[in-house]
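User: I am new to this structure and should like to learn how to read its features. Could we proceed one feature at a time?

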Amino acid sequence: MRSRAKITVFVSLLIILSLALSQGNNALATKAEEEAALKTARVMTTELLKRTKGMLVKLLHEGDMLKAITVCAIAVPEIMAEFNSKPHHTIKRTSVKYRNPANMPDYYERKILEEMQSLADKGRLTPEFESIDVVTENDDITYLRYMKPLRVEKPCLNCHGPSENIAPEVMKFLAKFYPDDRARDFKEGDLRGAVSVKIALKFPENQP
Ligand code: HEC
């Protein structure tokens with residue numbers, strides 16, 4: 001009886017030890033996955049901004065406001081959909097003062113946007129700033145969460161500036177498609193929102 005108890009203790013210790021070791025291995029694998037996911041998040045963000053800014057500046061320069069609106073309203077969502085077709089990857093643009101309710105921040109994004117705003121208020125939100133976290137969410141999946149702030153630049157004021165400076169055709173478009181628009185009355189340099197990337201790193205044991 002006593003030796004059986006000893007064996008039980010020994011086996012239990014072995015199980016605990018192997019569990020601890022496998023946890024360690026997972027943690028190592030996750031570190032490498034984290035680095036790879038961060039690289040992907042940065043590439044997705046830079047690519048999105050590069051592709052849309054070029055289009056926007058060109059159309060604004062030509063003075064075609066309604067075509068320029070389609071960049072923000074159609075081209076950006078299309079590029080994001082292309083990225084989002086990759087399994088377990090999502091990219092979105094979000095803001096506390098959103099124009100489209102579909103871009104409303106989730107709980108995590110709101111918290112980071114508030115942190116960015118408070119840094120901006122103190123003049124400490126640098127162009128290099130990026131927010132990087134590894135978070136296990138309610139679905140038990142661990143995600144890399146990456147956010148990069150978007151500041152208001154001069155061309156943005158055409159559609160996000162003070163209402164009285166926005167062209168009548170733009171105001172008409174906004175009233176029609178975005179009746180609850182909160183994304184006006186910004187000034188140059190204000191924090192407009194952020195690009196937010198979410199990449200799944202690790203699933204619970206029973207999921208693929
Ligand atoms: C020609 C008009 C126009 C210009 C210029 C413009 N935007 Fe927008 N912006 C829009 C529209 C329309 C939407 C709503 C898009 C949608 O339905 O998702 C939008 C949405 C956004 C969003 C998503 C969050 C939200 O409010 O729904 C961000 C962030 C944003 N714009 C940032 C910018 C920045 C930064 C610039 C300048 C580099 C800029 N925009 C220039 C028209 C414009």
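User: Which residues come nearest to the ligand?

Analyst: Please note that this is a predicted model. Around the ligand there are 25 residues, and those that come nearest are Cys72, Arg99, Asn100, Cys156 and Cys159.

User: Which classes of residue make up the shell around the ligand?

Analyst: The shell has 15 nonpolar residues, together with six polar and four charged ones.

User: Which element gives the most to the shell around the ligand?

Analyst: Helix H2 (65–84) does, with six residues. At least two residues each are supplied by H1, H2, helix H4 (157–160) and E4.

User: How should the span of H2 be read?

Analyst: One compares an expected span with the distance between the ends. At 1.5 Å a residue, the 20 residues of H2 should span 28 Å, and its end C-alpha atoms are 28 Å apart, so the two values agree. H2 also has a bend of about 35° at Val71.

User: Which residues have the most contacts inside the largest nonpolar core?

Analyst: Within this core of 16 residues, they are Ala41, Leu144, Val195, Val197 and Ile199. Two or more core residues come from each of helix H1 (2–62), helix H3 (107–121), strand E3 (142–151) and strand E4 (191–202). E4 gives the most, with five residues.

User: What does Val195 touch, leaving aside residues up to four places away in sequence?

Analyst: Val195 touches Thr45, Leu48, Leu49, Ile91, Arg93, Met147, Lys148 and Leu150.

Methods
Residues numbered from 1 in each chain as written. Predicted model: local features only at pLDDT ≥ 70, side-chain atom pairs only at ≥ 80, totals over all residues. Core = buried A, V, L, I, M, F, W, Y, C linked by C-beta atoms within 7 Å. Buried ≥ 20, exposed ≤ 12 C-beta atoms within 10 Å, placed from the backbone. Helix = DSSP H or I, 4+ residues; strand = E, 2+ residues; numbered from the N terminus. Contact = placed C-beta atoms within 7 Å. Near = placed C-beta within 6 Å. Nonpolar A, V, L, I, M, F, W, Y, C, P; charged D, E, K, R; others polar. Expected span 1.5 Å × (residues − 1). Bend = angle between axes of the 7 residues up to and from the residue.
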